[in-house]
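Open the model in your viewer and keep the selection tool ready. The tour goes from strand to sheet, then to helices and core.

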Amino acid sequence: MATQEHHAASPRRPRAFDVHVHLFPGMLARFIWRWFEENAWPIRHKPAPEETFELLARYGIERMVGLCYTHQPGVAGMLNDFMAELVAANTERLVGFGTVLPGEEGFKDELRRALGELNLSGIKIHCHVQKIAPDDDHMGPVFDTIAETGKVLQIHCGPVSKSNAHKDEIDELCAVPRFIRAMRRTPDIKVIVPHIGYDEVQLYLDMLDEFPNLYLDTAMAFGGYRVARGEELPDARPLAMKTYEKNRKPRLPEPWKPALEQLVPQILERPDRFLFGTDFPNLPYDPDLEMRELERYLPEEVLRKVLWDNAAALFGSAGR
Ligand SMILES: [Zn+2]
């Protein structure tokens, strides 16, 4: 059931294309939310999958990439069918990504089925949940097939979570050199790294020059929630402040002022390489919190790229 409190989107707000929305069958979603509530934070909205589109539209999110993943063998096919059915029923709103569990029997066939027969738009890999490093031998076919088909890989490979529940896996699997090693095999592949690579942000920013189709999503990196909870600031190096337009220098609320002051100039420097994402519904706040932060200090033409144009160029905008 959805939470009843909604804030109507401001009519002047540009439309948003959210590249980071999780869609799972109800039972799995409830399992994931329980994990978050026991290990991380309370979940603000708990919509059924088919309620998600209408709920996000109320916040100005008109189109979205739906993501799912599995760490259990034998589940990928069911999740991919589930996603393909949701796409078929919500073509205007949803771009669907599939999942595979690299290394399980038949995963290469499922990979081809997800991208071919089911025509899903990409594959989501969650390194520390699926317990696989980007440069694992079983990830080779994933990178290769996605690169060949021109589809998109969304790979959570940054050590973003400070939760102790996955500490060992994170340290081992989410080391930046392992991602670089994987990328150098197929350097032109279209890849989205969520959370701006949090919290090794600068290392991911540095890769944008080497890999022309690497994008960073803003999910949970911009609202200051992590910083406010005492987690580390991203390590992005400040760029020259002259990149701000007059009167555009951010005046940001404490305590996340330092993090955003570092990130905003990076977006202004490369406005085509950042994509708005929320991580909805696995959020302790409303899905427009970060949108409001971006609106506050990005110049209008940069805001439009981050909120819509960049994602529409990658995935199409359903005729809009
Ligand atoms: Zn996520």
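How many residues of strand β2 (residues 61-67) are buried? Select the strand: 6 of its 7 residues are buried, so β2 is mostly covered. Buried means that 20 or more other C-beta atoms lie within 10 Å of a residue's own; exposed means 12 or fewer, partly exposed is in between, and C-beta atoms are placed from the backbone. Helices (H or I, at least four residues) and strands (E, at least two) are DSSP runs, numbered from the N terminus.

Two notes before moving on. Residues are numbered from 1 along each chain as its sequence is written. This is a predicted model: local features need pLDDT of at least 70, side-chain atom pairs count only at pLDDT 80 or more, and totals for chains, interfaces and linings use all residues.

**The sheet**

Strands pair if DSSP finds at least two bridges between them. Look for F17, which stands opposite R63 in β2. V21 has G66 of β2 as its bridge partner.

Show every strand. The 8 strands form an open sheet with parallel pairing, in the order β1-β2-β3-β4-β5-β6-β7-β8. β1 and β8 (274-275) stand at the edges; each has a single partner strand, so one side of each is left without a neighbour in the sheet.

Select helix α13 next. It packs on the sheet and touches β1, β2, β3, β5 (152-156), β6 (190-193) and β8. Its direction makes about 70° with that of β1. Axes are lines fitted to C-alpha atoms, for helices over the stretch in contact, and angles run from 0 to 180 degrees between N-to-C directions. Contact means C-beta atoms, placed from the backbone, within 7 Å.

**The core**

Select I123, L153, F276 and V306. These have the most contacts inside the largest nonpolar core, which has 84 residues. α13 (residues 300-315) gives the largest share of this core, 7 residues. A nonpolar core is a set of buried Ala, Val, Leu, Ile, Met, Phe, Trp, Tyr and Cys residues joined through C-beta atoms within 7 Å.

Zoom in on L153. Not counting residues up to four places away in sequence, it touches G122, I123, I125, F143, I146, I189, K190 and V191.

Go to helix α4 (residues 107-115). E110, L111, A114 and L115 are buried there. They cover an arc of only 125° around the axis, which puts them on the same side of α4. The arc is that of the directions from the helix axis to the C-beta atoms. What do they pack against? Their partners are α3 (76-89), β3, β4 (122-126) and α6 (140-149).

Then pick L263 in helix α11 (residues 257-269). Why is L263 counted as buried? Because it has 25 C-beta neighbours inside 10 Å. Its C-alpha atom is separated by 9.0 Å from that of V201, 62 residues apart along the chain.

**Confidence**

Colour by pLDDT, the predictor's confidence in each residue, from 0 to 100. The chain mean is 85, and 79% of residues reach 70 or more. Select residues 239-244: pLDDT is below 50, and the stretch has 8 contacts in the model beyond near neighbours in sequence.

Definitions and conventions: Two residues are in contact if their C-beta atoms, placed from the backbone, lie within 7 Å.
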